Amino acid sequence: MRSIDAGYLVLAAILFSIGAFGLLVRRNPLVMLMCVELMLNAVNLTFVAFGMMLGDLAGQVTVLFVLVVAAAEVVVGLGIVVAMARRRPGATADDIRVLRG
Amino acid sequence: METTAVEYVVFALCAVIVLAGAFGVIWFRNPVQAALSLVATLFGVAVLFLNMNAQFLAAVQVIVYTGAIVVLILFVIMLLGVDVEEDLEEEPLVGQRVIALVIAAGVAGLVVAGVTLGGADLVSGARSVTGSIVDDVSNIEQIGRLLFTEYVFALEITAVLLTIAVIAAVVMSRRPSEVEPLPAENASMEPPEPMEPEAEEVFD
Amino acid sequence: MVELLWLVPALPLAGFVILVLAGRRMGEPAAGWIATLMVTASFVVSCVAFVGLVGLEDHVFVQTLFTWIPAGDFLVDIGLYLDPLSGVMILFITGISALIHLYSIGYMHGDANFSKFFIYLNLFVFSMLVLVLGDNLLLTFLGWEGVGACSYFLISFWFTKPANASAGKKAFVTNRIGDWGFLVGIFMVFFTFGSLNYSDFLPEAGGLAQTTATFIAVMLFIGAIGKSAQLPLSVWLPDAMAGPTPVSALIHAATMVTAGVYLLSRINPIIAVSADWVPMLIAWTGAITALLAATVAVAQNDIKKVLAYSTVEMLGFMFMGVGIGAYWTAIFLMVVHAFFKALLFLCAGSVIHGMHENQDMRVMGGLRVLMPVTFLAYLAGWFSLAGIPPFSGFFGKDEVLTYAFQENKALWVVGVIAAFLTAVYIGRQAFMVFFGEERWPQYIARLGTATPAMVEATAAADEAAIAAEEAADEGGFDEVDDVEFHPVPEGFRPHESPWLMTLPLVVLAVLSVVGGLLNLPFPKSMHYLEKWLEPVFEGSAVKLELSSGTIVGLLVFSTVVALIGTAFAAAVWLRGRIDARRFQPALFVNAWYYDSALSRFVAGPGTDAFESTASFDRTVIDGAVNGVGGVATRAGQALRQTQSGYVRRYALGIGIGSLLILAFMFTRVVG
């Protein structure tokens with residue numbers, strides 16, 4: 001394994017950790033969504049890196065699918081944010097614990 | 001495959017950009033600033049893709065992520081006017097930040113330690129027979145062939161997934177005729193404005 | 001024809017259902033007639049099925065109605081098992097039940113709960129038929145518990161009097177002890193054979209280990225002594241006389257109490273392979289119970305108590321028959337006993353009815369003139385019980401004694417003494433009730449005049465009881481203290497009962513006279529019942545090997561004993577040649593103090609033992625159960641904290657989980 005390959009993996013791990021930390025700490029649902037994107041990108045990075053190490057294209061194809069899922073997730077997530085904000089402007093993720101029914 | 005000096009330089013630069021952008025996402029209180037930081041990160045990742053000979057993915061990354069997703073997020077921020085600055089001084093959930101920090105540090109530390117300790121044995125998977133990377137064929141052609149042969153079912157299923165997502169988004173963001181406002185926990189919160197009656201109802 | 005068998009229990013059940021739904025609306029005579037009709041129809045069907053059974057080659061008919069409990073290997077059917085034994089049982093059960101139902105219409109006349117009485121009575125008949133017809137032990141147990149419950153309901157039928165209610169409870173609790181044995185026996189049978197069906201496990205009993213067979217036999221024997229009121233569980237039957245007299249006749253003399261004998265006869269192959277002391281235990285339990293009950297019966301003054309102890313004694317004879325291996329004699333005695341004891345009870349009921357609900361024999365006397373039909377019927381029952389030929393009781397009892405003479409002389413001696421006492425106490429009863437001077441006018445005079453107004457008031461009974469006690473204190477009737485005397489209107493004269501009550505008496509009297517024809521000792525070709533029951537008891541019954549001369553000698557001897565007993569009773573209680581009190585020591589009057597000793601034991605160490613058991617239950621058992629519940633509650637309260645509703649908290653949980661998984665993976669990579 002080349003040292004640069006290890007570099008990709010380490011970078012991806014740090015990026016993932018930052019995303020996870022942000023998801024756990026931030027309250028704004030939009031920012032939380034962005035943090036999810038960060039984590040997804042970290043994973044994408046490892047996929048491509050591993051694919052390169054193994055000389056396999058499957059890693060890149062998987063990333064393509066992750067992209068699609070991420071797009072779908074953002075669409076639905078934003079839909080939820082819009083619906084939430086319409087009922088209560090300025091609501092944070094902590095506020096939706098009163099959701100019921 | 002030999003590693004060129006250019007590769008190292010590009011990696012180092014991009015790594016700095018990516019991490020700085022990521023920090024920006026979780027650091028800025030204003031969501032607009034966070035979204036712009038995200039663009040930096042995504043762009044950095046796109047360049048890293050290029051560095052790893054994944055040209056098609058780099059292009060898609062720029063178009064889909066920075067061009068579509070972030071723009072969508074920014075659009076929602078502007079539409080809803082939720083670009084209020086978040087108060088990050090206080091944390092209502094006891095211990096949330098400490099534990100989050102432990103988790104983040106633990107994940108990063110464990111992976112870094114694993115990569116360092118694992119060394120050459122870390123990547124020991126078998127190489128794919130059908131989808132191995134061939135140097136003299138363009139990246140986009142290879143991915144295209146693979147997508148429409150080996151992964152054709154997965155591709156079709158993503159189409160279904162996207163359709164479902166579109167329908168879900170429409171259903172959720174539709175303006176309902178009667179909206180029950182969430183009970184206000186905080187007294188300072190403004191009650192939602194009363195819904196305007198639909199035009200048809202007025203004429204009825 | 002035999003396929004109609006299912007109707008035999010179904011008809012009383014239908015009667016029960018009809019009366020439960022509409023009994024109260026039907027009112028007094030109709031409800032009784034419906035019940036009687038159903039049981040009579042059941043009797044007719046029984047006859048038809050019996051005829052059909054005789055026509056079958058192997059005399060066994062199994063009718064499986066449906067599966068009751070399908071639980072893996074444990075499969076119990078609702079099925080009916082008709083063989084010579086249960087055939088005989090259903091005939092006399094339905095027959096006598098029908099007669100007693102008829103009698104009850106007259107006896108229960110004017111009772112506020114008239115229809116309820118027939119509900120219980122029909123349910124009882126149904127349960128009893130399930131008991132004898134069930135093709136497996138569990139179904140028999142169902143009937144067993146059913147008759148037990150009905151017995152409880154009917155003993156405490158007039159539950160407003162505390163004594164009746166507690167008598168019902170006593171019967172119920174005592175029977176529970178026996179039921180415990182029965183249940184353990186059932187468990188053991190299933191454990192051993194893997195089936196509870198008679199047709200499955202009885203033929204295989206021969207290959208049973210002796211200890212297993214002994215255990216099963218003893219456990220089922222415990223069940224039998226509870227139901228059939230043998231020592232040491234005999235205490236409930238005399239108290240059960242608190243119920244209406246038809247109940248005493250039907251349940252506590254003719255049918256239910258014989259269930260124990262039926263059960264032991266049914267499992268005869270198991271008894272045959274069990275240890276030698278088991279049959280001896282059964283026989284001696286019966287013999288000693290018979291002897292003690294007979295001595296007590298001599299000293300009782302309540303007309304029904306005498307008959308109750310007499311029933312205990314006769315059941316003892318039946319157990320003796322089972323114990324010595326002469327099963328068919330026990331069944332024979334059971335059938336004829338059902339005839340004459342039901343008859344005696346119904347006569348007693350008629351007398352009580354005529355005497356305005358008074359049961360004390362010391363205030364009766366000379367009733368043969370006033371109640372001629374009852375007297376004539378009673379005569380048949382009396383001679384039957386006393387064992388005077390050619391009445392049926394003579395043959396029934398004497399077959400048991402003949403076999404006892406062959407098998408065990410000591411048993412025979414005890415049996416003969418008991419038989420002698422039987423003749424004495426039943427003679428005493430007959431002379432006290434139907435002969436001699438009329439003692440009741442005298443008694444009423446002593447009691448003071450009871451005005452008609454007083455009679456109608458319910459409180460009057462209490463006043464009269466107090467008055468009776470005062471009279472006793474004055475030294476007038478110093479013996480009258482244990483039986484309350486109901487106030488009677490002025491100008492009271494005992495009267496004959498209505499035809500509804502005397503008709504069953506006449507039928508039963510005829511049966512008591514001719515019942516012996518079922519199985520006359522001579523000639524051999526007249527052993528109808530023995531031959532009929534032979535396949536049931538094949539291999540476990542003993543054969544009579546005495547010479548004809550010995551048998552005749554024994555018969556003559558028994559006759560002489562019975563006649564001497566009767567003559568003795570006449571000398572003491574009719575002529576007054578000897579002071580009667582010498583034959584009624586306090587020991588006999590108080591039933592050997594068995595009852596009071598028992599209650600003293602239960603009140604003292606017994607209560608303490610149960611208290612400690614209860615405290616064990618409270619602290620250990622309840623503690624464990626509540627502890628488990630408490631742990632669940634506390635764990636739930638602790639876990640509730642995790643369900644805060646904060647999305648980020650949930651995300652934190654996911655994060656911790658992934659960190660743990662990652663740590664595990666890390667150990668794999670490094671290790």
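Modeller: Let's start with a definition: helices (H or I, at least four residues) and strands (E, at least two) are DSSP runs, numbered from the N terminus. This is a predicted model, in which local features need pLDDT of at least 70 and side-chain atom pairs count only at pLDDT 80 or more, while totals for chains, interfaces and linings use all residues. Residues are numbered from 1 along each chain as its sequence is written, chains are lettered from A and ligands numbered from 1 in the order in which they are written, and side-chain values use heavy atoms, with hydrogens and water left out.

Colleague: Which pattern does chain A follow along the sequence?

Modeller: Chain A reads α-α-α, with 3 helices and 0 strands.

Colleague: How many residues of chain A count as buried, as a percentage?

Modeller: A residue is buried under 20% relative accessible area, exposed over 50%, and partly exposed in between (1.4 Å probe, protein chains only). By that rule, 73% of the 101 residues of chain A are buried. Take I4(A), in helix α1 (residues 3-25) of chain A: this residue counts as buried because its relative accessible area is 1%.

Colleague: Which residues does I4(A) touch?

Modeller: A contact means heavy atoms within 4.5 Å. Leaving out residues up to four places away in sequence, I4(A) touches T3(B), E7(B), Y8(B) and F11(B).

Colleague: What is the area buried between chain B and chain A?

Modeller: The size of an interface is often given as the accessible area lost when the parts come together. Here, buried area is that loss (1.4 Å probe), summed over both parts. Chain B and chain A bury about 8000 Å², with carbon and sulfur atoms giving 75%. The side of chain B that touches chain A has 70 nonpolar, 16 polar and 13 charged residues, where Ala, Val, Leu, Ile, Met, Phe, Trp, Tyr, Cys and Pro are nonpolar, Asp, Glu, Lys and Arg charged, and the others, Gly among them, polar. In contact are 99 residues of chain B and 76 residues of chain A.

Colleague: And what is the area between chain B and chain C?

Modeller: That one is about 1200 Å², of which carbon and sulfur atoms give 77%. There, 18 residues of chain B contact 12 residues of chain C.

Colleague: How many salt bridges does the structure hold?

Modeller: A salt bridge is a side-chain nitrogen of Lys or Arg within 4 Å of a carboxyl oxygen of Asp or Glu. Over all chains there are 5, with 0 between chain B and chain A and 0 between chain B and chain C. R145(B) is exposed at 56% relative accessible area, whereas E141(B) is partly exposed at 36%.

Colleague: Which parts does the salt bridge of E145(C) and R176(C) tie together?

Modeller: Their side chains meet at 2.3 Å, N to O. E145(C) lies in helix α5 (residues 137-155) of chain C and R176(C) in helix α6 (residues 162-193) of chain C, so the pair ties together parts 31 residues apart in sequence.

Colleague: How do strands β1 and β2 of chain C pair, and over how many bridges?

Modeller: Two strands pair if DSSP finds at least two bridges between them. Strand β1 (residues 61-71) and strand β2 (residues 74-82) of chain C are antiparallel over 9 bridges. They form a hairpin with 2 residues between them, and G72(C) in the turn has a positive phi of about 65°.

Notes
Buried area = accessible area lost by both parts, 1.4 Å probe.
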